[in-house]
Each structure stands twice: as structure tokens, then as C-alpha cells.
Amino acid sequence: MTSWILQKTRCRATALLAGLVIGAIAHVLVCLSHAAAAQELDRPGASERVEPPYQLGERLESGTWELVNLDGRLSGYAFETVPLAPLPGFSGAPINLFVSVTLEGKFIDAEIISHNEPIFVSGLGNAPFHKFVRQYKGYSITDTLVVGVPYGDKGTGSSLIYLDGVTKATASIRIAHETILAAAFAVARKRLSGIKAGPAVRPDRGHSEELTWAGLVSSGIAGRRLVTNAEVDSAFRETLWADDDPLAKDDPQAAYLDLWVVDIGHPSVARAVLTRDSFEELQNFQEISTHDEPILVIDAGRHGLVDKDFVRNTSPDLIFARQDGLPIALRDADLEVELAEGVPGNTAMILRTDRRIGFDPTRPWQLSIRAVRKHGTFMPEVGTVDFSLEHVTPARFYVSTLPSAPAPPWLQAMLDRRIDLAALGLGLLALFGVMVTRLRWLAGLPQFTAVRLAILAVVIGFVGWWGQGQLSIATVLGVIRGIADGQSLAFLLYDPFSLAIWGVTIISFLTWGRGLFCGWLCPFGAMQEFAHHAGRKLGLRQIIVPDRADIWLMRLKYLVLVAMIMAAFVAPALNDQLIEIEPFKTAVTTFFVREWYYVAYAIGLLLLGMVLFKGFCRYLCPLGAFMALGGILRVNDWIPRRSECGSPCQLCTVRCNYNAITKTGAIRYDECFQCLDCVTIHDSSEQCVPLVLAAKGRAL
């Protein structure tokens with residue numbers, strides 16, 4: 001009787017789970033009829049986004065309008081960013097914004113029209129994204145705008161204007177920032193007076209010269225600006241800060257700033273100013289950052305180029321540049337600089353700027369260094385003076401190229417996360433190596449379960465919460481949509497941490513199928529495994545799903561995947577709702593800090609995992625369905641089997657928590673999570689029934 005009741009309870013639990021899933025899928029499919037694709041704004045749609053007293057004027061080209069004032073005179077321009085700068089977002093689709101600027105290049109407003117960035121759609125919500133975009137209002141396209149926080153004394157005296165980013169959404173925010181600037185610069189160069197643009201250039205590596213430092217100086221390739229202490233004092237004369245630099249008064253003729261500037265994008269120039277080691281490091285950098293132009297800046301005076309709080313690999317706050325009236329975004333290249341013999345200087349650094357945004361070293365541009373003085377000790381007042389140097393590099397070192405296509409992936413993301421990537425790479429290499437060469441040794445460890453749980457703990461903490469490397473079906477859908485629309489897949493490189501995991505996972509398809517990721521690298525899967533062990537420790541009765549029901553439930557994840565793929569083609573916006581079937585954003589990305597119903601759903605799945613082993617992974621996960629399909633690429637059956645497996649021995653079948661072993665002993669690799677429990681049993685003379693009987697001189 002007790003057995004019958006338990007069986008009845010299990011069947012009801014299974015039916016309830018199936019009913020919930022089928023109901024969710026039905027709701028999703030109904031929503032398909034209500035989703036609509038985003039279109040370019042018509043006149044009424046654009047007009048309602050124009051801030052008074054401006055009014056919408058004539059349409060100029062796709063997505064661009066004139067702005068007129070109340071008496072009908074031209075006052076600026078309004079434009080959608082997608083036609084001008086369709087940089088792919090993290091979902092694979094561009095972020096479309098409506099931006100308006102005055103004839104002087106001042107931002108009137110910026111507003112998001114549409115986007116599919118997963119972190120905002122199914123994680124943080126749209127409010128922080130809209131808040132970020134509103135920061136551009138009131139600034140000018142000629143301001144040096146950077147995303148981040150000032151270092152040191154809150155950026156006092158800095159030449160930069162900092163826009164607050166959004167935690168956990170760095171990649172999406174960078175894409176939005178680059179989209180706004182690229183579109184605004186495109187309009188400025190075409191429409192605003194005094195701003196021009198020539199064809200893009202790149203170093204001509206087929207051209208070679210033997211150059212020396214003396215030759216660079218005499219030809220102007222190395223530019224110099226000498227500022228004495230007396231000149232600095234003169235600049236601050238009759239101001240509050242006139243007497244705040246005693247060193248300047250002690251030695252008026254000494255160099256305050258002895259600035260040298262050399263564009264070292266061309267190897268011949270770089271070789272003349274750098275040691276061999278620094279030159280080789282620069283060449284390696286240029287092979288990775290193919291669109292960055294490196295600029296060597298040297299100070300032989302006492303200014304020092306940056307302040308004491310400067311952080312490597314960020315934008316220097318005392319150095320800025322302009323060309324054609326627009327700012328040139330400069331950033332420290334984070335390269336060690338050793339100057340060649342004969343090159344003067346106390347302080348040297350290599351800055352980089354992106355040629356794709358319009359920088360042309362063969363046309364005049366201006367580099368400025370800011371001198372900062374402070375008056376008073378408590379909350380001192382800050383005064384600044386800028387000293388500029390105009391520079392140009394001879395055109396013979398460069399070749400012109402056609403205007404660049406939409407910006408390819410921002411490789412800067414890789415450099416920013418190089419430490420995390422190095423740690424991840426070592427970990428993946430170790431795990432992959434053990435799985436390839438010592439898998440059966442690992443499965444045979446006496447403390448295998450403890451070792452496995454330790455690895456899964458690292459996956460949750462480092463890969464998941466720290467690295468934000470939880471893979472998602474959103475990436476797969478973004479790739480599908482990008483391929484279908486003929487768009488670039490460069491958005492993948494905005495998250496190099498996840499891309500590295502994707503790379504190892506796809507390679508592992510050939511060897512193990514879905515097992516490496518689903519069993520060892522998925523943070524939420526690891527959480528469920530800990531939930532299972534917690535349920536065991538608490539003595540909770542486990543739900544054993546009957547085989548027939550289990551087979552049907554396993555198919556549900558494929559239905560979810562099919563629904564999402566259909567939505568990607570028919571109604572992409574619908575996937576913003578569908579993606580919520582994954583609890584990853586709640587449990588990993590936002591650390592369970594979301595609306596209560598998302599948190600309840602994610603925690604509910606973990607509680608379910610305490611009594612139903614990895615229920616979400618086995619029955620609902622669309623990413624797991626994709627991984628299972630990817631397992632078709634598997635080229636070998638890596639789990640060892642004996643002739644007695646399944647006939648008559650059923651031990652591995654009974655012990656498999658994933659129900660991935662049939663009664664015939666065959667492995668269902670599309671459902672195998674590579675937990676290695678069956679490998680442990682197979683190799684154990686104390687557990688494997690054929691081995692135990694053979695040791696006793698008996699046979700099955």
C-alpha cells in the first residue's frame with residue numbers, strides 16, 4: 001500500500017511539472033501573435049521625441065531629420081543611430097537610439113528607441129539603461145566623453161568627462177556609447193560646418209625606412225613642445241593660483257613640460273624610438289588591436305604626463321586630443337615602454353586611439369597637456385591651463401582605405417579582462433586536459449565527489465558570479481538572428497569571457513557531447529547539484545520519474561528551443577519574454593536581486609532540485625537542448641562498457657541520476673552530463689558486479 005501511494009505521488013508530481021511547462025509554452029506561443037518587429041520611426045513617431053522648443057523639419061535621409069526652431073530656421077539635426085552606426089549589440093541586433101544635436105554639436109537629448117540587450121531585458125530592467133543614455137544631454141560631441149569613474153581625487157582637473165556606467169552591463173553600455181558617438185560624428189562630419197573627414201588610413205607595412213631619433217626630430221615626425229616654469233607661471237599670473245608652485249619660482253628656466261609626441265603606428269618609426277623588446281611588444285599589440293593607432297608621448301620635464309592616481313589601461317585625465325574640432329578618444333595601451341638609446345625623456349607612455357572613429361594621423365591634430373594647480377588645503381580650489389602641440393605624420397607611412405564598415409568587435413574588451421581570461425584559460429586547460437588524458441583516474445579518486453563539488457564551487461563563484469560567464473540561449477538566438485539578417489557576429493567579442501567558454505564547449509562536442517558544459521561548466525547547473533546534495537543531507541525523499549514520463553519530459557526542452565527559434569524569425573521581441581524560462585539572469589547575473597517573481601522562480605527550481613535531480617536541466621533548459629543537439633558532433637563513445645552492461649547488470653542504469661543509461665546498457669549521450677558516476681562504477685572492483693563476481697570466480 002505504501003509503495004502504491006509513493007508511486008501515485010511521483011506520478012502526480014511528474015504530471016504537475018509537465019502541466020506547468022506545457023502551460024508556459026502555450027502562453028509563449030499565444031504571445032507570438034502580439035509581438036511586432038521594430039521599424040524606422042515615421043514623422044509622428046520622430047516628432048514626439050523632439051524636445052521643445054525644437055520642431056521636426058525636413059527628412060534628409062534614412063533616419064535623419066532637420067530640427068528647426070519656432071521661426072522655421074535650421075537649428076540642428078535629429079537622427080536614429082541604426083542607419084548611421086549599426087553596431088551589433090550583445091543580442092546580435094543593433095541598439096537603436098534617437099539622438100538630437102544643435103548646429104554647434106551640443107546634445108539636446110538621447111533616447112532609446114529599441115534594443116534587445118539581454119542583461120536589461122531579462123535582468124536589470126530598462127530603467128538603468130535609460131538613465132545612462134540621459135547623461136549625454138547638455139554635453140557636446142566635442143567633449144571627451146568616457147564611460148567609467150574618475151580615479152584619484154574624483155578626477156579633479158581632468159580633461160575627461162565621465163559618464164556613469166551600469167554594473168554587470170559593461171559590454172552593452174560600451175556598445176551604446178560607441179553607437180551614439182559614431183552616429184553623432186557621422187552627422188557632424190557631413191552636416192556641421194568646420195568638420196570634415198577624409199578616407200580612413202592605416203599603416204603601410206610594405207613601406208620601410210631606416211630612421212634615427214635625430215632624423216625624426218629634424219623631419220618633424222617627432223614633435224616637441226617645451227614649456228618652462230616661467231611660462232607656466234605666466235599662464236597662472238594674476239589668478240588665485242599664481243603662487244602655488246614654488247618650484248617654478250625657484251628655477252624659472254627649467255623645463256616644466258618637455259613634451260615629445262611620436263605616432264608609432266608604422267614599424268619604421270616605432271623601431272627608431274623603442275628598444276627591441278618594447279618594439280616587439282608593440283607589434284604583438286597591433287596584431288590584436290588592428291584598428292588602434294599607438295601614439296608615444298614623452299615628458300622630459302617635471303610634469304609627468306599623468307597624476308599620481310592614474311590607473312593603467314584607462315583614459316589619462318591630463319592628456320587630451322582633437323582633430324577637426326572633434327575629440328580623439330585616448331586610452332593607455334598598457335604597454336611597457338623602454339626608449340631607444342638617445343631618445344630623451346623621464347616619463348613615457350603609449351596611448352592608443354581608434355582610427356575607425358575617424359582619426360587620421362596624416363592630417364593635423366592637436367595634443368594637449370593640462371597643468372593643474374591647487375589652492376588651499378581643505379577642499380582646495382583647482383585651476384588648470386592647457387598647453388598644446390599640433391602634430392602630423394607624413395602620408396608616405398600610411399595607405400588610404402575605403403570608409404570602414406560598421407565597427408567590428410571591440411577588442412578592448414579582451415584587454416580589459418586579460419587577467420580573468422588568463423585565469424579562466426588555465427582552469428579550462430586543466431579541466432580539459434584531465435578529461436582527455438586522466439578521466440578514468442579522476443573518476444576513480446576515493447574523494448571524487450568532494451573534488452567534483454570543489455570544482456563546481458569554483459564554477460559558481462568565479463565563472464558565474466565573478467566572471468559573469470553563464471552561457472545563455474540568448475547568445476545562440478543572437479547568432480541565428482545575425483546570420484539570418486546578414487549582420488556581423490562581432491557582438492560575441494564584447495564578452496570574451498563567455499566566448500572562451502563557448503569555444504571550449506563547442507570543441508568538447510566532438511569528444512563528449514553536451515557533458516563538459518552541462519556537467520562541469522554551467523554555474524546554475526552547479527547550483528542545482530549542490531541543491532541535490534543538500535536535499536540528500538536533509539533526508540528529503542527523492543522524486544523518481546517513471547521512465548515513460550521521463551522520456552516525454554525530456555522532450556519539453558526541445559519544444560522550448562523550437563519556440564525560441566521560431567520567435568527569432570517571426571517576432572524577435574518575443575524572446576525578451578521567452579528568455580525568462582532561463583533563471584540564469586536571476587541566479588547568476590543579478591545575484592538574486594530582481595523582482596520577487598523572478599527570484600521565486602529561480603529559488604523554486606533550486607528547491608525542486610533538492611528532490612528531483614537537476615529537473616530544470618533535464619526537462620526545461622533550452623540551452624541544454626541546444627547542447628544536446630551539438631552533441632551530434634561527438635565522434636566517439638567515451639564511456640567504457642562491458643558485454644554484461646545492461647544484460648544482465650543494471651547497476652549503472654539504476655545509479656544514473658540523469659536516466660541517461662537505458663536498460664540495455666546503452667548510453668544516451670544527448671542526456672549525459674558527464675558526472676562520471678558510471679565510469680567510477682565500471683572501474684571499481686568493489687562496485688562493478690562483473691568484476692566482483694569475476695574476483696570470486698563466478699560469472700553473471
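**Salt bridges**

I started with the salt bridges and found that the structure holds 29 of them. I keep in mind that this is a predicted model.

I picked out D332 and R312 to begin with: their closest N and O atoms are 3.1 Å apart, and they form a salt bridge. D332 sits in strand 14 (residues 331–332), while R312 is in the loop between strand 11 (292–299) and strand 12 (319–323). That puts the partners 20 residues apart, so I noted this as a link between distant parts of the chain, with D332 buried at a relative accessible area of 2%. R312 has 37% relative accessibility and counts as partly exposed.

Next I looked up K557, which forms a salt bridge with E671; here the closest N and O atoms are 3.0 Å apart. K557 belongs to helix 20 (residues 556–570), and E671 to the loop between helix 26 and helix 27, 114 residues apart. Are these two buried or exposed? K557 comes out at 0% relative accessibility, so I list K557 as buried. E671 has a relative accessible area of 4% and is buried as well.

I then went to R594 and E580, whose side chains meet in a salt bridge at 3.2 Å, N to O. R594 is in the loop between helix 22 (584–589) and helix 23 (596–609), and E580 is in the loop between helix 21 (575–578) and helix 22. They are 14 residues apart, and both are buried.

I also wrote down a network: salt bridges link D233, D243, D245, K249, R302 and R373.

**The chain as a whole**

I stepped back for some totals. I count 28 helices and 18 strands in the chain. Of its 700 residues, 51% count as buried. I also checked the contacts with a separation of 6 or more, and residues 24 or more positions apart account for 72% of them. The accessible surface comes to about 31500 Å², and 59% of that belongs to carbon and sulfur atoms.

**Empty space inside**

Then I turned to the cavities. Rolling a probe the size of a water molecule over the atoms shows where empty space is left. I get six cavities of 30 Å³ or more.

I opened up the second largest cavity, which has a volume of about 110 Å³. It is lined by 17 residues, and those nearest its centre are C656, I661, C672, C675 and C678. Helix 26 (651–655) and helix 27 (677–683) are the elements that give two or more residues to this lining. Helix 27 has the largest share, with three residues. What classes do the residues of the lining fall into? I find 14 nonpolar, one polar and two charged.

Several helices each supply at least two residues of the lining, among them helix 14 (448–466), helix 18 (523–537) and helix 19 (547–554). Helix 26 and helix 27 are also on that list. By class I have 18 nonpolar, 12 polar and 10 charged residues in this lining.

I took a look at T102, which lies in strand 4 (residues 96–102). Its relative accessibility is 8%, so I put T102 down as buried. Leaving out residues up to four places away in sequence, T102 touches Y54, S75, G76, I108 and L192. I also checked T102 against Y77: they are 25 residues apart in sequence, and their C-alpha atoms are 6.5 Å apart in space.

Last, I went through the backbone. The peptide bond from P52 to P53 is cis, with omega near 10 degrees. P53 is in the loop between helix 2 (43–47) and strand 1 (55–61). I found that the bond from S647 to P648 is cis too, with omega near 10 degrees; P648 is in the loop between helix 25 (622–630) and helix 26.

Where does E238 sit? I place E238 in the loop between helix 7 (229–235) and helix 8 (246–250). Its phi is positive, about 60 degrees, although E238 is not a glycine. E238 is exposed, with a relative accessible area of 77%.

F591 also has a positive phi, near 55 degrees. F591 is in the loop between helix 22 and helix 23, and at 35% relative accessibility I count F591 as partly exposed.

Key:
Residues are numbered from 1 along each chain as its sequence is written. This is a predicted model: local features need pLDDT of at least 70, side-chain atom pairs count only at pLDDT 80 or more; totals for chains, interfaces and linings use all residues. Side-chain values use heavy atoms; hydrogens and water are left out. Helices (H or I, at least four residues) and strands (E, at least two) are DSSP runs, numbered from the N terminus. Buried means under 20% relative accessible area, exposed over 50%, partly exposed in between (1.4 Å probe, protein chains only). Contact means heavy atoms within 4.5 Å. Accessible areas come from the Shrake-Rupley method with a 1.4 Å probe; for residues, only the protein chains shown count as cover. On a 1 Å grid over the protein atoms alone, a cavity is a set of points where a 1.4 Å probe fits but cannot get out, and a pocket is an open set with protein on both sides within 12 Å along at least five of seven lines; lining residues have an atom within 4 Å of a point. Grid points are joined across faces, edges and corners, and a volume is the space filled by probe spheres set on the points. Ala, Val, Leu, Ile, Met, Phe, Trp, Tyr, Cys and Pro count as nonpolar, Asp, Glu, Lys and Arg as charged, and the others, Gly among them, as polar. A salt bridge is a side-chain nitrogen of Lys or Arg within 4 Å of a carboxyl oxygen of Asp or Glu.
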